[in-house]
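The sequence and structure come first.

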Amino acid sequence: MTLRRLLLGLVFPVALLAAWEVSVRAGLLSEDVFSRISRIVPALLEGLADGTIVARTYETLAAALFGWAIAAAIGIPLGLVLGLVRPLERLTLVTIEALRPVPSAALIPIVLLIFGFSLELDATVAAFACLWPVLIVTTGAVRGIEPRLLEVGRALGYGALARIWHFALPAALPGIAVGLRVAFGIAIVVAVTVEIAANPRGLGYAMITAQQSLRAEVMYAYLFWIGLVGWLINVAMIRAERHWLRWYWAARGAA
Amino acid sequence: MAQPIFAFRDVSVRFGATPILDKVGFDVAPEEFLCLVGPSGCGKTTLLRVAAGLIRPQEGRAEFEGRAVAEPTPELAIVFQDYSRALLPWRTVAGNVELALEARGAPRAGRAAEVKRLLGIIGLADHAQKFPLQLSGGMQQRVQIARALAQRPRILLMDEPFGSLDAMTRQALQDEIARLCKAERQTVVFVTHDLEEAIYLGDRVVALEANPGRVVEIVEIALPRPRDQLTTREHPRFLEYRHRLFGHLAKKEAE
Ligand SMILES: Nc1ncnc2c1ncn2[C@@H]1O[C@H](COP(=O)(O)OP(=O)(O)OP(=O)(O)O)[C@@H](O)[C@H]1O
Ligand SMILES: [Mg+2]
């Protein structure tokens, strides 16, 4: 059943890749721009074999992870507080809504002045971009907590901080987990973008270098690789969610 | 009557301009099983929340051992009416019961055995590792009762704990609670809108009327213990109490 579904899911991408290959070979698409699968796959395997792709992946993922962790470390506590203390949320709403639409790329020149070309440049810009989903999702999840639960905490004699830790945080966790997963996807996208635009490191820079040295097949190899890595991380995070939040999924018949 | 362990002193509660409780006053004796009956919406839950220190009345006060109850205290345990929202969905059955042990700082070593004992008492020994959302309503309510017992309260406040159980389970639990509370010399304030349940369980029955909630009658229940589902309910005095109290419920329910 799952195998069948997997095979079905592969039909469309395989057909697309085949069409791509055929179109380039037939001269409908320029090979300089589009390369072709029969060149891209060897380029990918070669890059993996000689370790360059792994090294670039590490640079990008380390930066994305760092930025994501910063966003989580700020966004979750802040979201908890804003979700629990209504007046505070109203007080900060305008500030948050004004900062949120600022394109993260606009931060590149500023952060560049502070950190130079470095992991921190990727990480800071990624952190800014992922802060918002984490913050907004956490605030919403906390606001949606069953008030009775917090009252149970009160009745059992837990103080305000203990109630946040033992009641509010776990109750909001399924929501927060979704926010964190979405945010990690954003962190990777932003890190690669910063590398393409400015930062000479990681997968994004490798892509732009390949493009500039007219090696389209290597550029596409990186592109595919980024997609694959992002997909794998998403799958792993969904699995972790189902494991750590068993109680949530068990009740929804998907343990 | 012995020195009261608990008392309501002219408790008045308003929500907005609507008076909900109007100068409700009565005592609870140590080791007494006191039942509170009244039509739906007359303020039984509200009164119990005042008792637990979860809300403060506009006038009057609840007193535990002569001191005003201003905040929840571990000496008073409350079993909420809406059990499905009062359990922590991320904790197992055993974990929910253990919560009360953690709250009162019971030594870690003895906790598992105590949880097991309590789950045995309420007949959930086989479900210790399930999550609340995987249980039936009646089972969830029993978990809540076990949690309240784990708190080892001086006074057990119960809000229609058996309201949603089928007749057989309900009677079994009535007998279990009656036996347990008398054996442990537990003081109980038990809210129900089932008059027969109140007479069957209570040492005294306090009848409230609605709009606003007031005490209309307090009846001493002089039925022998241990009580029996058949003979007690057929006892001439049982019928007499029922007749006497029935009017208060029927009159107001009809409005
Ligand atoms: N937070 C609140 N705000 C406004 N009104 C409330 C609030 N809580 C309860 N009430 C009102 O107070 C009255 C008494 O409610 P309460 O829940 O104490 O009744 P009850 O006797 O427990 O009823 P039931 O038997 O249906 O549980 C009801 O009319 C209800 O609408
Ligand atoms: Mg009620």
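How many salt bridges does the rule find across the interface of chain A and chain B? The rule finds three, a salt bridge being a side-chain nitrogen of Lys or Arg within 4 Å of a carboxyl oxygen of Asp or Glu. This is a predicted model, in which local features need pLDDT of at least 70 and side-chain atom pairs count only at pLDDT 80 or more, while totals for chains, interfaces and linings use all residues. Residues are numbered from 1 along each chain as its sequence is written, chains are lettered from A in the order in which they are written, and side-chain values use heavy atoms, without hydrogens and water.

**Interface of chain A and chain B**

- One of the salt bridges joins A:R148 to B:D82, with the closest N and O atoms 2.9 Å apart.
- Three helices of chain A, α8 (147-155), α9 (160-197) and α12 (246-250), each supply at least two residues of the side that touches chain B; helices are DSSP runs of H or I with at least four residues, and strands are runs of E with at least two.
- α8(A) provides the largest share of that side, six residues.
- By class, the side of chain A that touches chain B has 11 nonpolar, one polar and six charged residues (Ala, Val, Leu, Ile, Met, Phe, Trp, Tyr, Cys and Pro count as nonpolar, Asp, Glu, Lys and Arg as charged, and the others, Gly among them, as polar).
- In total, 18 residues from chain A and 25 residues from chain B take part in the contact, which means heavy atoms within 4.5 Å.
- The two chains bury about 2000 Å² between them, 65% of it on carbon and sulfur atoms; buried area is the accessible area (1.4 Å probe) lost on putting two parts together, summed over both.

**Largest cavity**

- The largest cavity holds about 80 Å³ of space; a cavity is a set of points on a 1 Å grid over the protein atoms alone where a 1.4 Å probe fits but cannot get out, and lining residues have an atom within 4 Å of a point.
- Its lining includes A:V152, A:A155 and A:L156 from chain A, and B:F80 and B:R147 from chain B.
- α8 of chain A, together with β6 (76-79) and α5 (137-150) of chain B, are the elements giving two or more residues to this lining.
- α5(B) contributes the largest share, three residues.

**Second largest cavity**

- About 40 Å³ of space lies in the second largest cavity.
- Residues lining the second largest cavity include B:I121, B:I145, B:E176 and B:L180.
- α6(B) gives the most to this lining, with four residues.
- By class, the lining has seven nonpolar, no polar and one charged residues.

Key
1 Å grid on protein atoms, 1.4 Å probe; cavity = no way out; pocket = protein on both sides within 12 Å on 5 of 7 lines; lining within 4 Å. Points joined across faces, edges and corners; volume = space filled by probe spheres on them.
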